[in-house]
Amino acid sequence: MDNRERLLIAAGRVYAEVGFRGATTRRIADEAGVNEVTLFRLFGSKAQLLAEAITCQDPMGEVTLPDEPGDPLRELTAWCEGHALALKEKRSMIRQTMADLDEHPEMGPHLCRGQTPHFNELVQYAHRLVSRHGATETGDVVTACSLLFGALFSDAMGRDVVPGIFPQPEHEASARYVRVFLRALGVPQHHPLVPAATAGAPRAGDVA
């Protein structure tokens, strides 16, 4: 691990604990085991270091959706569970960034940068689902994805504060969100999709 990586990890850890004001360059440098001169040489300023530390906190890790939908309920539930778990692991940093937005609005885009690729992945997957087996107009796909994405984010950030407004038990929440999402898209929940090359008329038992 080089000094740059040490500083990014330390900055993320310190920022999640004490926020922008409390995350002094001296504290971050001490946490990383390097001197402040090295910090400024590599990043130029505390703001730049924290921006990069927030940006590199990927909230999804290795969880991805397949290029071609096969079993939407299973695939989306696994994706949502991975996303929810990663969001909870990064919850302290996300909450600190949101708390700092009034004073440091420039930090917001760095937090969003980690989320946007995963939202785009969901939208592309949903479009393929609809083109294969859905009844939703194209314009509603993004709205449905926004609702699913927002539900996962809200659940991860707020369940420990207001647990009563989220699906219970917690371990079933992702699957419940996905079922509502698939209904919004008009996609069957209980039947794996046939390969695109052979997709044709709806099969017996499929629900519009």
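From the N terminus on, the elements of this protein run α-α-α-α-α-α-α-α-α. That amounts to nine helices and zero strands, where helices (H or I, at least four residues) and strands (E, at least two) are DSSP runs numbered from the N terminus.

Please note that this is a predicted model, in which local features need pLDDT of at least 70 and side-chain atom pairs count only at pLDDT 80 or more, while totals for chains, interfaces and linings use all residues. Residues are numbered from 1 along each chain as its sequence is written, and side-chain values use heavy atoms, with hydrogens and water left out.

I begin with confidence. The average pLDDT (the predictor's confidence in each residue, from 0 to 100) is 84, and 83% of the residues score at least 70. Over residues 195-208, pLDDT stays under 50, and the model has 16 contacts beyond four places in sequence for that stretch; a contact means heavy atoms within 4.5 Å.

Of the 208 residues, 44% count as buried. Buried means under 20% relative accessible area and exposed over 50%, with partly exposed in between (1.4 Å probe, protein chains only). Among contacts with a separation of 6 or more, 66% are between residues 24 or more positions apart.

Consider next helix α3, residues 36-43. Which of its residues are buried? They are Thr38, Leu39 and Phe43. Seen down the axis of α3, these buried residues fall within an arc of 105 degrees, so they line one face of the helix; the arc is that of the directions from the helix axis to the C-beta atoms. On the other side of α3, Val37 and Arg41 are exposed. The cover over the buried residues of α3 includes α1 (3-22), α2 (25-32) and α4 (46-55).

I turn now to the second largest pocket, which holds about 170 Å³ of space. A pocket here is an open set of points on a 1 Å grid over the protein atoms alone, where a 1.4 Å probe fits, with protein on both sides within 12 Å along at least five of seven lines; lining residues have an atom within 4 Å of a point. Eleven residues line this pocket, and Ala144, Leu147, Val180, Phe181 and Ala184 lie nearest its centre. Helices α8 (138-158) and α9 (173-185) each supply at least two lining residues, and α8 gives the largest share, six residues.

Finally, Asp155 lies in helix α8. Is Asp155 buried or exposed? At 5% relative accessibility, Asp155 counts as buried. Leaving aside neighbours within four places in sequence, Asp155 is in contact with Phe166, Pro167, Ala173 and Tyr177.

Definitions and conventions:
Grid points are joined across faces, edges and corners, and a volume is the space filled by probe spheres set on the points.
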